[in-house]
Amino acid sequence: MSGGARLARMQDVARAAGVSTMTVSRALNDPAKVSAEVLARVQAAVQAVGYLPNRLAGSLSSRRTSLVGLVVPGIENSLYSTTIQAVSAVLRQSGHQLMIADSGSDAREEEALIGAFLAQQAAGLILHSATHTETARAMIQRAGVPVVEIGNLPEAPLDMVVSYSNHDAARAMTLHLARLGYRRIALVTLPSAENDRSRDRQRGYRAALAEAGLPADPRLVLERPPGLESGAEAVARLVEADAPADAIFFAGDVLAVGALLECQRRGWKVPQRVALAAFDDLELLGHLQPGITTLRLPRAQIGRCGAEMLLDRIQGRSTERRIVDLRFEIIQRGSS
């Protein structure tokens, strides 16, 4: 602030209302403990001096706040907005504040963000990733805060989990394509080095090929960065290969949209020339021609359930370490 200006303090409210700072604190944090006349004076003083109550402040004994930290791989990715909105709605009803951070799918960055949230005495954490550094795990364990992981079903969870199995979802879609008669099924995923979900999708794909008695050809597995252009490049490479794919499972819906647009640009009929399938049910997928076969994931339900589980722990209603699998649904459309 410029010109020596400062934020109004609780003492300023007390002076304006003609009461003690303790009375102001009671009026703001537990209005039932003061008279209606005193409450009205305090509220008027708050407005008059421009005081901003610290809604994050918790009890002095616990030093915990009402802040909940949420770390997602990328804020720009619209896939996470449904989950974020559901988490925020549940927390808002309980008087908790949600702070969102973007890790960029980088475990070291997630570690730094977890440290920042814990330094602010966060009441709990919601983490999309299920892969964490040892330092992050140790920080969370020392802090003793409840944690919910929401992006996968890890073998060694930090605490509570609500999600779906990326392995099982990829396996189910690959088997679905095999049952439709496709024999050279390709898989395109996001880079897997820092992405446990991509690794699990690749494992599920390979498990389905073995189950269906189909050969695992490494030339049919590609890793590409997100985006329409990546999907277009992948479909061109896989269809124009010496031994072309007859179906391509894109473990990312934007990749699949890019592939369909490229097929249309080249005059390749879908699914006659190549079948396409996606991972996630972006609304656009059902409005394209043909609509794209995909996996529908319960992202809003994951957000609601995850926030409710976290609040149950924060507010002492439960001490249970729950692992909730909300599953998925295959949506068959004209692309396969």
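Trainee: On what basis are the values given?

Mentor: This is a predicted model in which local features need pLDDT of at least 70 and side-chain atom pairs count only at pLDDT 80 or more, while totals for chains, interfaces and linings use all residues. Residues are numbered from 1 along each chain as its sequence is written, and side-chain values use heavy atoms, with hydrogens and water left out.

Trainee: How much space lies in the largest cavity?

Mentor: A cavity is a set of points on a 1 Å grid over the protein atoms alone where a 1.4 Å probe fits but cannot get out. Grid points are joined across faces, edges and corners, and a volume is the space filled by probe spheres set on the points. A search of the whole structure finds one cavity of 30 Å³ or more. The space in the largest cavity is about 40 Å³.

Trainee: Which helices each supply at least two residues of the lining of the largest cavity?

Mentor: Lining residues have an atom within 4 Å of a point, and here they are Tyr80, Thr83, His128, Ile150, Gly151, Tyr164, Arg299 and Ile302. Helices (H or I, at least four residues) and strands (E, at least two) are DSSP runs, numbered from the N terminus. The elements that each supply at least two lining residues are α4 (79–93) and α11 (299–314).

Trainee: How do the residues of this lining divide by class?

Mentor: Ala, Val, Leu, Ile, Met, Phe, Trp, Tyr, Cys and Pro count as nonpolar, Asp, Glu, Lys and Arg as charged, and the others, Gly among them, as polar. On that scheme the lining of the largest cavity has four nonpolar, three polar and one charged.

Trainee: Is His128 buried or exposed?

Mentor: His128 is placed in the loop between β3 (124–127) and α6 (134–143). Its contacts (heavy atoms within 4.5 Å), leaving aside neighbours within four places in sequence, include Val71, Tyr80, Ile150, Gly151 and Arg299. The classes are buried under 20% relative accessible area, exposed over 50% and partly exposed in between, with a 1.4 Å probe and protein chains only. Because its relative accessibility is 6%, His128 counts as buried.

Trainee: Which elements give two or more residues to the lining of the largest pocket?

Mentor: A pocket is an open set of points with protein on both sides within 12 Å along at least five of seven lines. The largest pocket holds about 530 Å³ of space, and of its 27 lining residues Asn77, Leu79, Tyr80, Leu190 and Pro226 lie nearest its centre. The elements giving two or more residues to its lining are α4, α8 and α10 (253–266).

Trainee: What separates Asp12 and Arg15 in helix α1?

Mentor: Their side chains meet in a salt bridge (3.2 Å, N to O), a term for a side-chain nitrogen of Lys or Arg within 4 Å of a carboxyl oxygen of Asp or Glu. Asp12 is buried at 12% relative accessible area, whereas Arg15 is exposed at 59%. Because they are three residues apart in helix α1 (residues 10–17), the separation is about one helical turn.

Trainee: How many residues apart are Asp217 and Arg184?

Mentor: The side chains of Asp217 and Arg184 meet in a salt bridge (3.2 Å, N to O). The pair links distant parts of the chain, with Asp217 in the loop between α8 (196–212) and β7 (221–223) and Arg184 in the loop between α7 (166–179) and β6 (185–189); they are 33 residues apart.

Trainee: Which residues touch the most other members in the largest nonpolar core?

Mentor: A nonpolar core is a set of buried Ala, Val, Leu, Ile, Met, Phe, Trp, Tyr and Cys residues joined through side-chain atoms within 4.5 Å. Not counting residues up to four places away in sequence, Phe249 touches residues including Ala170, Met173, Leu187 and Phe279. Of the 68 residues in the largest core, those touching the most other members are Val162, Val235, Ile248, Phe249, Phe250 and Leu276.

Trainee: What is omega for the cis peptide bond that joins Gln289 and Pro290?

Mentor: Pro290 is in the loop between β9 and β10. The cis bond joining Gln289 and Pro290 has an omega of about 0 degrees.

Trainee: What is the phi of Asp280?

Mentor: Asp280 is also placed in the loop between β9 and β10, and it counts as buried at 5% relative accessibility. Its phi is positive in a residue other than glycine, near 110 degrees.
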